[in-house]
Amino acid sequence: VTIDDVGSPGHDVTTLVRSAAQPLSSLTVVEVHAAATHHWAEVRLPAANRAAAAYTVAVHIAWERCSGAPHYFDAWAARREGGRPHEADFLECIEGFLGSECVGTRDAPAPDEHIEGFVAEHIWHLLTLENALAFGIPIRVDGPDWSATDSGGDGLAVYRTGGALIFRLWESKAHTGDNPVRDVVNGACRQVTSRALRYLARFSKVGQTDTDPEVRHFYGRMPEMWKHAARGAGGGVSVSTASGEVTDCFGYYPSYWDFAHGDQRQGLVVTIVDYAEFAQAVREELWKGL
Amino acid sequence: VERALNLEDLRMALGDGGMFPSAEELQHRLAQAEIALFLQRGAIDDELLATAWYLHAVGSARVALALYPVDRQRRANQVAAHIFDLALSAGMASELEQRETTFAAQVSYLRGDLDPNAIALYRRLPHFEPRLVDNPGNVSLDVGSSVLALDRRRVFDRVDALLDEARELRRIVGVGDLIETPYGSAARVVEGCNELIVHLTYRRPERLERARQLFDEGANPPFAQADLNSRWVAAHLRDIADDLGTASVWAHLPPTVPPAAGMAMTMGDPPVLALWPPQLDLLKGTPNPLDPSVRRLVLSFPTSAGKTLIAQYIMSAHVVSGRGSACVVVPTHSLGREVQRDLDRRLAVLARDARDAGPLGVPLPDTPSVVVMTPEKLAAHLRTEPERVLRDYSLFVIDEAHLVGDTDRGWVLESALGFLHAATSHLHHRIVLLSAALGNRTHVAAWMSVNGTPALSFHHEWRGPRRAHALFRTDADWDNTEIIEPRGRRTLYRKRVPLYGQIHVRTSPGQYESLRTTGPVGTLVQVWRNGVWEKHPKESDPAYAMRARTATVLGAHGSVLLIEATKRQAQYTAAAVAAQLDDDPQCAALVALAATRLGPAHPLVGVLRKGVGFHHAALPDDIQAELEDGIRKGTLLYLVATTTLVEGINFPVRSVLVGERGYNDGDEWVPTLDARKLLNAMGRAGRAGRETEGWIVLSFNRKFYPTDFGDFAADEEELSARSRLGTEEALEALAAFEELLRQSEDAIMGTYDGPAADFIGHVWFVANALSELGLAHWDPSRVSLEFTLAWQQLDEVTRVRWQWVAHWAARRFAATPPDTRRRWARTGTSLPSAMLLEWLAQQVRAELPLLEDRQDPVASFRLIAARGRLAQLLSIDKPRAALFRSRRNAPRTESIALDLEVLIVDWLRGREVGTIGETHLAAVTEETYRYEQLSEFITKVLEHLLPWHLNTLVEWINEGLGPDDQLCPELSAYIRFGVDTPVALELARAGVRSRRLVHVIAGVAAHAMTASVRQWLSEGDVRSWRRDFEASPTELADLLAVTRARGARVTSRVLAGEVVEVPLVIEGNPAAGVAELRELEEGPPAPIAAVQDGEVVGFVPSGYHDDVALLRTIGIPLVVELSQDMLLRIHIDDPTERGAWFGGGAS
């Protein structure tokens, strides 16, 4: 897509930029596995789609971090498409969201591990919204993130299945080291075990202010549902990795949590060759708009 | 701690089943965590923390969803907050996590009805001033935490700064309302916080409603969904706004009370924006005790439960209702001073005041809104001016009312209170009894019945901070005993045994954890004598030295109050604590002061260097005040005190360590800490709003038994206030008196002292006061007995016996000439003592023509003291303090020869206590004992007994004389304060406690002063006083209070919206225009400077210092400008006038 300098930000640019971003699920190869103890999806990014995927993820991050606020996203999009530089004071504002502690700026980039984790969280978010796990279109996805550098508890997806509301609490990780992906999954599971209530307590409180009485009530019950491993509760672990060895990465998954049904333990492994470089490419896309 | 770890409560909080630990397991692990933290090696594991978050979610679930029973939510919040609190103490992974967890814990403490702990946690947060542009979520957490701590000053300050930032952001982004941006949620949180505080301060229900709406918008903003922290904060504050709306001072103000009463609370210092649970329960009740129709009230709250503030609220409500002034009765001078100062600051916002009643014998001050006095002064004023007391004062608040059962002073209070109750039973007057330790409330409420209806009685057990109870002892390590063979002059075998410290901490009823020190804390030495091993007391480490080690462990967590049985013990323990510590530079000012006042060799000076003080009656008043101030402000970490401090002053500490609870006097064990005093001491542990937990440790010098924990629990009986007329001593005195009376009716006039004499004096006082009130038709013999507490407690037979005494006393009163009986009844002494005073007055009157300068206090005193009259005056009460012994173990009957008259003249002349001691008590070689005796003499004789009797004596001497012929009418006050010039007396009476200072000022003023001393002083300021008078912080604070320009009513006028002009002491080059007020980093008290462009251009003069400082503390934003004629123009930047702060219409 080639776009001319359109000057001041406007919704037309927003629309254009967002529509230019293809669904991530359409750029990847998705394979869903359903075992009795857990369900997981294996997602691979073909090399040919790498740039498009980085662009899609960057647009998603920009949109999410600005919460869709037109003045911000539009300005980012216009600048990214070659528009005028931001005024210095506005740049400071927009950097607060898009050049935050996980991204940084060209002059002061954030540590690599921050951007890698940050991108991993948004990949999960995007694929969940796009129903890559074929679990259903969530009616609401909260997160990421309580804080950009906060560890764990990255997102909460709420679905309606069979007339009832259910939730899955996700933890997203980036894997760039030499250790097996399984270790990352296990670490994430332990993290969910210890941190789940911290996140659920806070998600729960926010959700109790929803305008829909059913949603309010459901959010209010979440911590209790987790405590009792109720049918409507569930957890998930997502890993973005460069490793091709992912077949048994959820091998120990059933030993975590007391859930009785396979769909209460969900997994997502996104394999991207040279994932660290991919994360930096996403960051580069973000910086283009600053 | 036991309260927090109650198993039933934990069960209720956790609910059934699920993944978390059982209630029993949770109880155990929490206890372990508490102890680990105490030992400073604590950490909270993830599972415990996860449990806390679960409980927090249960507790803070929106009530309207009806997910959990309200009681379970409260318990869940309490447990959640407790775990969070421990985790926060142990340390968090990041500052952000600390802030999030603190906010959650604050919410849970508030919703768990433990409000002060939400403030205490807030105070632990590091300084933080985030900007919206960097991280709006951090802004919400920051301002949200400030609101939960009701820190109005900070909320308004932060909102001011954020308002500027918001204005700038709107311009940069090009929006009219930040809700259109990712700052939307945070902006709504900040604005909502402002609205909430505005409502709590000013009662603006529409602003509360707006706060709710803003929080709703903040929780679900259109373009800030990613700002989860702001949304979370908004969601909680939405619910808290409802709670605070209900807990607001305004919510329970009865329609019969003007709103100004609420303003006194919300605008006074400290601001009270919301009430604590027991206060709320009290005010929600029917009838509401603020309502003037509640005429008798008995309030029993534990220490740190907000009793004082409720009393202030009742008094504020009373005085603004225009029903007369209030009189507060407190047990000690120092507490009275504190109460008066606090009330005065609160009432300043209403242009009202609170004053001290002044010394004994001086008429009441010209009707302030509130007057503060001791029971003895109340009794004196009722005796001498009952009509005025009842005309001017219509609310009587008796603090620490359980003192009515005190062996020494109880009868004075019972007598005064009984009369007050009787004389006002048909009037609109109100009586409020307050106590933290009153077991027999029913008796007391029945005593205060009006027309057969008992007083409204309210009792609450609530307290904010948790309390850990522990027992300390030492444990001998017999396995590592070292045997030492006789050598040289040591002819006996010795055994050295290492002693380890043991602390047993009660974790729940019937359960405790035992801790042992890792190394020995001392050594036990035994000698083999006569076939047995005996303890060698001199070579063994004393128990206090080992206690001192425990004290320093407690000191790692905050201030420690150690209580010992005797003055000497207190000093030894203080020295032992100090020996373990390094020098504490924070105490430098205190050290310098003590060295000047007591001499550099005084033991207090040495321990103060290490941050340790000892406090007992043998120290001068002003030094005691400095020590109290030091521990209150945190400059002093350890204070070792005798039990006198326990009830004397109102300052809580982090930990209380109780040492010896009595001492041996010969073969007799004299207890110094009874159940009530222990309860009071325990009440000091844990400062509400400053910390969430307090420790109370009792020491034992023997084997540990779990039943020893029983010492912490006082039963109702032990805390019962018993009338002195029902004591064994009183009944013996009654029997003896009955015997005398059977022999002769003259027994009435021949009983010098003891309970019978006191009761006869009481009957005369009642009879006379009734007569002065125009109630002579009432039967004094009935009134004097039937309105006492004794009447509720005595059996029928004993009642009749005392009735008989009353009957004969009243009969004798009626038979005495009116003038004589009136005079005698007003003395407050026994009738024989009154007769002695009468005789002495006649003698002095006869000698009066010999005296040239009758206004000279020294000459006047000498005249009275001459011809053995001083000894006769002192014989009235036979004070033991007037007899000095050369050494501690000298026989009681053996006292040193001393010319008391000369000593007292030196006292009047302003000689320092040290000099007086050296001059007159050189025979007492032990310096500490010398000052101990001298201080006791000063406190009991010079400041109390002598002025009391001199007052009567001088009044009688001067009867019928013209002003010029009178003997120094204020002699008793000169003696009371130890001063000899009118200037010094004026300052002392106005409230300057330091005798040194008033003498210094009087000396300088004699040469320099042209107008009144206060006028002259107010031309100076804190800095010049500090320099010219070498004044200490408390001395300066006293001077500021004395010179305050009360008439200017600066505080009340500014708060009412006026522009108030205040003079400026110019320094530098001020220009007309905006200025800023800033406290300089000097002092305390810190001078308040006016600053322009970063330069100091002048100072707020002393007369206005306290008002301006108060205005700054209250936290309403101020606008300060310098006028053309260099006056500071101060007015409030009224927060209620602001519209939408972050929205389109913002200014």
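Across the interface of chain B and chain A in this predicted model, 21 residue pairs are in polar contact, with both partners at pLDDT 80 or more. On the side of chain B that touches chain A, the elements giving two or more residues are four helices of chain B: helix 3 (46-60), helix 5 (95-111), helix 8 (152-173) and helix 11 (228-247). Of these, helix 3 of chain B gives the most, with eight residues. By residue class, the side of chain B that touches chain A divides as follows.

| Class of residue on the chain B side | Number of residues |
|---|---|
| Nonpolar | 29 residues |
| Polar | twelve residues |

One of the salt bridges joins B:R131 to A:E92, and their closest N and O atoms lie 2.6 Å apart.

The extent of the interface can be described in two ways. In terms of residues, chain B supplies 54 residues to the contact and chain A supplies 44 residues. In terms of area, the size of an interface is often given as the accessible area lost when the parts come together. For chain B and chain A, the buried area is about 4,000 Å², and carbon and sulfur atoms give 60% of that area.

The confidence of the prediction should be read alongside these values. Chain A has an average pLDDT of 89, and 92% of its residues score at least 70. Over residues 1-9 of chain A, however, pLDDT stays under 50. For residues 1-9 of chain A, the model has twelve contacts beyond four places in sequence.

How values were computed
Residues numbered from 1 in each chain as written. Chains lettered and ligands numbered in written order. Predicted model: local features only at pLDDT ≥ 70, side-chain atom pairs only at ≥ 80, totals over all residues. Heavy atoms only, no water. Contact = heavy atoms within 4.5 Å. Buried area = accessible area lost by both parts, 1.4 Å probe. Salt bridge = Lys/Arg side-chain N within 4 Å of Asp/Glu carboxyl O. Polar contact = N/O pair within 3.5 Å; in protein donor to acceptor, adjacent residues only side chain to side chain. Nonpolar A, V, L, I, M, F, W, Y, C, P; charged D, E, K, R; others polar. pLDDT = per-residue confidence, 0-100.
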